[in-house]
Amino acid sequence: MHSYRDDDLPRLQDTLAEWIQRAGACGYYHPGNIAHRIYEGFSGRIPRHDLVHLWEEAGDIVGFTYSFVFDAAFFAFVAPRYRGGTLELALLRTAITTTERYMAETKQDEQSDFPPVITDVYNCDQVRIDLLTQLGFEHYRTWDWITERSLAEPVPEPVLPAGFTVRTATPDDAEQLAAIRNNAFGGSWTGAVYHNQVMCSPGYDPAHELIVIAPDGRIAAFTVIRFDDLNKVGLFEPVGTHSEFRRLGLARAMMLYALQAMQHHGLERAMVEHTADNAPARELYRSLGFHKQYETWGFQRPSIT
């Protein structure tokens, strides 16, 4: 086991794509999600390289984990040949222990109880469900819907309201990209942090961050598209519209533009994920031809810290 290094990213993405090719997508997130999780998903209270760990065997990656995500969650992925065995259990136990340790180290209020340790699992992944149950976890919520659409079908031409345009991002957009993420998702990004942490991170391609520009020059909507060339699957992660520009069809037009780009790249399917109770997102993606393939279920266990 070793801590994540920036130069691990391409090999880690390629490895996950190979696992999906061999075993199918059930239980494995899109490889594009790795960069999103590592460079955008942690709170910053602990260096991200201390929260991501890789397991290797004879030079091959056989597992990896994220710990202390959202200050209470962990995620673990293991090679298909080791599913359900001692290695997968070891990864889970390490991620749980690491998460609990940082929960204790960063606890601010000594009077309050520790929240539960949480993770999620695909509803189709009985192997992981059984292991989590063995470790004392219980299913407590339906978290996300993972939806897909074929790219073999025609994609309608995008139509934007008068005065709006769509283009790819540039480093000069960092300040506005930070602001729209804060507005859409309740974050605390600054332009400098977004530029240095995300736009300068390995694997970031400004051509894959699409933005809709309002007539007054503001960024009104954005998305990042991510490609798995081995399995020919594109991913939207994330998708956001500023609160002042919702219900104008901006996200729909932007995603149609991106779906056409995925087709031109030679991809065969597109994916997007949303929280199960997000009705506007569900209706938008359904209108674009996406259908639910999997659910992710939240599992929790009282923290022992």
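Just after helix H7, I found Gly266 with a positive phi of about 95°; helices here are DSSP runs of H or I with at least four residues, strands are runs of E with at least two, and both are numbered from the N terminus.

I noted that this is a predicted model, in which local features need pLDDT of at least 70 and side-chain atom pairs count only at pLDDT 80 or more, while totals for chains, interfaces and linings use all residues. Residues are numbered from 1 along each chain as its sequence is written, and side-chain values use heavy atoms, with hydrogens and water left out.

I then looked up Gln260, which lies in H7 (residues 250-265). Gln260 counts as buried because its relative accessibility is 14%, where buried means under 20% relative accessible area, exposed over 50% and partly exposed in between (1.4 Å probe, protein chains only). Leaving aside neighbours within four places in sequence, Gln260 is in contact (heavy atoms within 4.5 Å) with Val155, Pro156, Glu157 and Pro158. Other buried residues of H7 include Leu256 and Leu259, and what covers the buried residues of H7 includes strand E6 (138-150) and helix H8 (279-287).

Turning to the backbone, I recorded that most residues other than glycine have a negative phi, and most peptide bonds are trans. Ala58, in the loop between strand E2 (52-57) and strand E3 (60-69), has a positive phi of about 55°. Arg247, in the loop between E10 and H7, has a positive phi near 65°. I also found a cis peptide bond joining Glu237 and Pro238, with omega about 0°.
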